[in-house]
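Visitor: Hi, could you walk me through some packing in this one? I'd like to start with the aromatics.
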Amino acid sequence: MFDFRLKVFHTVAKRLSFTKAAEELYISQPAVTKHIHELEQQLGMAVFERIGNKIKLTNAGQLVMRHAEIIFTDYRNLEYDINQLKHMQGGLLPIGASTTIAQYLIPPLLAKFNQRYPDVKTSLTNGNTEQIEQALFEKSIQLGIIEGSSKNPLLKYVEFAKDEIVLVGNVKHQYGNGEPLTAADLRTIPLLMREHGSGTLEVITDELKRLKLKITDLNVAMYMGSTESIKSYLHYAPCAAFISLQAVQRELEAGEFTILPVKNFRVVRKLHFTYLQGLQDKLCQLFIRFARQNMTE
């Protein structure tokens, strides 16, 4: 429907690589070069400049990129509206979610969504909150779902759901005397923590301030890159970890883990949809409406 040269330019601009763009578009690198050359001839200006082995957008290229984003959003919305007239829903919807959400919360919703709208082709990538926001800026995803309280002014945030973070440990290892743990207890218990940049670590750090504790005050045994890694480690070591309640439901029900209450400590965090400010992508809005409705059912 649209000029393929513009799609080639957009892909090169996102990847800043002719080779990676060729791989993504399933065309040869000479073909990519040819399309960019034809676009530059049409514009009468260069859109990329080479700096050593790398490329960057020229001022003209940055201008084309801004308009290309608007054009592609319009095309996506046109496809959506045409499908509406045909009483269909269709299109591509790449979603990114921070790790805990991607593993435990979104897959059931996506399964329902894909059954309800089989002509919408969704994809799901995961990373920590910082990585999801970066993917939005790089336009590799259209919609993010994050668990942190990040407030980047370039992004729009829409509350989605709530989740509680709890301190859990292996039932084989006891901490405290049956009473809620104190701030002093937290200083001594070996703890597993999510990696820096994680939304989970962010909200824990904020709540610890109320107990006049910093992460550096704690006995952090290890930082780990995923909730699944932490859960696996907990099965074999005398440690505790702050984990999403949704992520440990099975282990709690099976009697493998136990919640360790902490005095004056409760973390109920808000989960948010996030997308670029000013973006009016109708497929994104469709999924947001669907997810919020089905989370309340």
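Visitor: Is Phe113 buried or exposed?
Guide: Phe113 is buried, with a relative accessible area of 0%. Buried here is under 20% relative accessible area, exposed is over 50% and partly exposed is in between, using a 1.4 Å probe and protein chains only. Keep in mind that this is a predicted model: local features need pLDDT of at least 70, side-chain atom pairs count only at pLDDT 80 or more, and totals for chains, interfaces and linings use all residues. Residues are numbered from 1 along each chain as its sequence is written, and side-chain values use heavy atoms, with hydrogens and water left out.

Visitor: Which ring forms an edge-to-face pair with Phe113?
Guide: That is Phe290, at 5.3 Å centre to centre with 75 degrees between the planes. Rings of Phe, Tyr and Trp (its six-membered ring) pair if their centres lie within 6.5 Å; planes under 30 degrees apart count as stacked, over 60 as edge-to-face and the rest as tilted.

Visitor: Which residues make up the ring cluster?
Guide: Ring pairs link Phe113, Tyr117, Phe160, Phe273, Phe287 and Phe290. The count for the model comes to 9 aromatic pairs. One of them is Phe113 with Tyr117, tilted, at 5.0 Å centre to centre and 55 degrees between the planes.

Visitor: Switching to helices, how do α1 and α3 cross?
Guide: The axes of α1 (residues 4–15) and α3 (residues 29–43) come within 9 Å and cross at roughly 110 degrees. Axes are lines fitted to C-alpha atoms over the stretch in contact, and angles run from 0 to 180 degrees between N-to-C directions. The two helices are therefore roughly perpendicular (65 to 115 degrees).

Visitor: Which α1 residues meet α3?
Guide: Phe4, Arg5, Val8, Phe9 and Val12 do, against Val32, His35, Ile36, Glu38, Leu39 and Gln42 in α3. Contact means heavy atoms within 4.5 Å.

Visitor: And what about α2 and α3?
Guide: Helix α2 (residues 18–25) packs on α3 at about 105 degrees, with the axes 8 Å apart. This contact involves Phe18, Thr19, Ala21 and Ala22 of α2 with Gln29, Val32, Thr33 and Ile36 of α3.

Methods. Helices (H or I, at least four residues) and strands (E, at least two) are DSSP runs, numbered from the N terminus. Angles under 35 degrees count as roughly parallel, over 145 as roughly antiparallel, 65 to 115 as roughly perpendicular and the rest as oblique.
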